[in-house]
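Subject: Structure handover and notes

Hello,

Here is the structure for you to open. My notes come after it.

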Amino acid sequence: MEKKLNGAALARIDEIVESHKNERGPVKLMLHEVQDSLGYIPFEAIEKIAEGTGNSVADVYGVVTFYTQFTTEPKGKHVINVCLGTACYVKGSKALLDHVCELTGTEVNRTSSDGLFSIDATRCLGACGLAPICTIDGRVIGASTESIITSEITRIIHEEQNA
């Protein structure tokens with residue numbers, strides 16, 4: 001299902017492209033700004049960045065798909081990352097990821113149908129001594145267990161229902 005961007009989102013993309021188009025190597029910077037503004041990188045942004053920088057759409061799309069920090073899908077209200085790097089994997093992060101998906105009803109690297117959760121499998125988050133690592137909304141949870149993560153997800157769901 002493809003969503004059409006509203007005028008404000010399209011204007012923001014135009015503003016970002018215009019502010020960087022004369023710089024050297026602006027594509028990645030523009031992509032970061034679009035994602036920071038909209039929460040993801042829609043195809044319209046890829047087209048506008050390509051046009052504004054003189055690159056092909058395929059080249060800009062290649063940058064988007066090469067770097068794992070970029071997403072072409074809107075993220076949920078709460079983003080949960082589970083590290084699958086070596087240290088975390090050895091300490092059970094794959095089972096933890098499966099548990100998170102089951103709790104939220106969300107597939108890996110997808111957003112729940114209600115838009116509440118996005119679940120991402122990531123590579124090393126740089127805190128191997130605290131393995132396994134999860135982040136919830138950017139907050140690092142070291143030595144993660146199914147119990148800890150269940151508690152966090154239950155708290156979020158409860159807060160959302162009472163908001």
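Below are the notes, starting with how to read them.

This is a predicted model, so local features need pLDDT of at least 70 and side-chain atom pairs count only at pLDDT 80 or more, while totals for chains, interfaces and linings use all residues. Residues are numbered from 1 along each chain as its sequence is written, and side-chain values use heavy atoms, with hydrogens and water left out.

**Largest pocket**

The largest pocket holds about 1000 Å³ of space. A pocket here is an open set of points on a 1 Å grid over the protein atoms alone, where a 1.4 Å probe fits, with protein on both sides within 12 Å along at least five of seven lines. Its volume is the space filled by probe spheres set on the points, which are joined across faces, edges and corners.

The lining has 36 residues, and T71, T72, E73, P74 and K75 are the closest to the pocket centre. A lining residue has an atom within 4 Å of a point. At least two lining residues come from each of α2 (27-38), α3 (43-53), β1 (78-83), β2 (110-111) and β3 (117-122). Helices (H or I, at least four residues) and strands (E, at least two) are DSSP runs, numbered from the N terminus. β3 gives the most to this lining, with four residues.

By class, the lining of the largest pocket splits into 12 nonpolar, 15 polar and nine charged residues. Nonpolar covers Ala, Val, Leu, Ile, Met, Phe, Trp, Tyr, Cys and Pro; charged covers Asp, Glu, Lys and Arg; the others, Gly among them, are polar.

**Helix α2**

α2 has 12 residues and reaches 16 Å from its first C-alpha to its last, close to the 16 Å expected at 1.5 Å a residue. The expected span is 1.5 Å times one less than the number of residues.

Which residues of α2 are buried? They are V27, M30, L31, V34 and Q35. Buried means under 20% relative accessible area, exposed over 50%, and partly exposed in between (1.4 Å probe, protein chains only). Seen down the axis of α2, the buried residues fall within an arc of 130 degrees, so they line one face of the helix. The arc is that of the directions from the helix axis to the C-beta atoms. In general, an α-helix has 3.6 residues a turn, so residues three or four places apart point the same way.

The buried residues of α2 pack against α1 (7-20), α3 and α4 (57-66). G39 follows α2 and has a positive phi, near 90 degrees.

**N81**

N81 lies in strand β1. N81 is buried, at 16% relative accessible area. Leaving aside neighbours within four places in sequence, N81 is in contact (heavy atoms within 4.5 Å) with D120, T122, I133, C134 and T135.

**Loops**

- G54 sits in the loop between α3 and α4. G54 is exposed, at 67% relative accessible area. G54 and K21 are 33 residues apart in sequence and 8.9 Å apart in space, C-alpha to C-alpha.
- N109 is in the loop between α6 (93-104) and β2. N109 is not a glycine, yet its phi is positive, about 60 degrees. N109 is partly exposed, at 41%.
- P132 is in the loop between β3 and β4 (134-136). A cis peptide bond joins A131 and P132, with omega about -5 degrees.
- A143 lies in the loop between β5 (139-141) and α7 (146-161). Its phi is also positive, near 50 degrees. A143 is partly exposed, at 45%.

Best wishes
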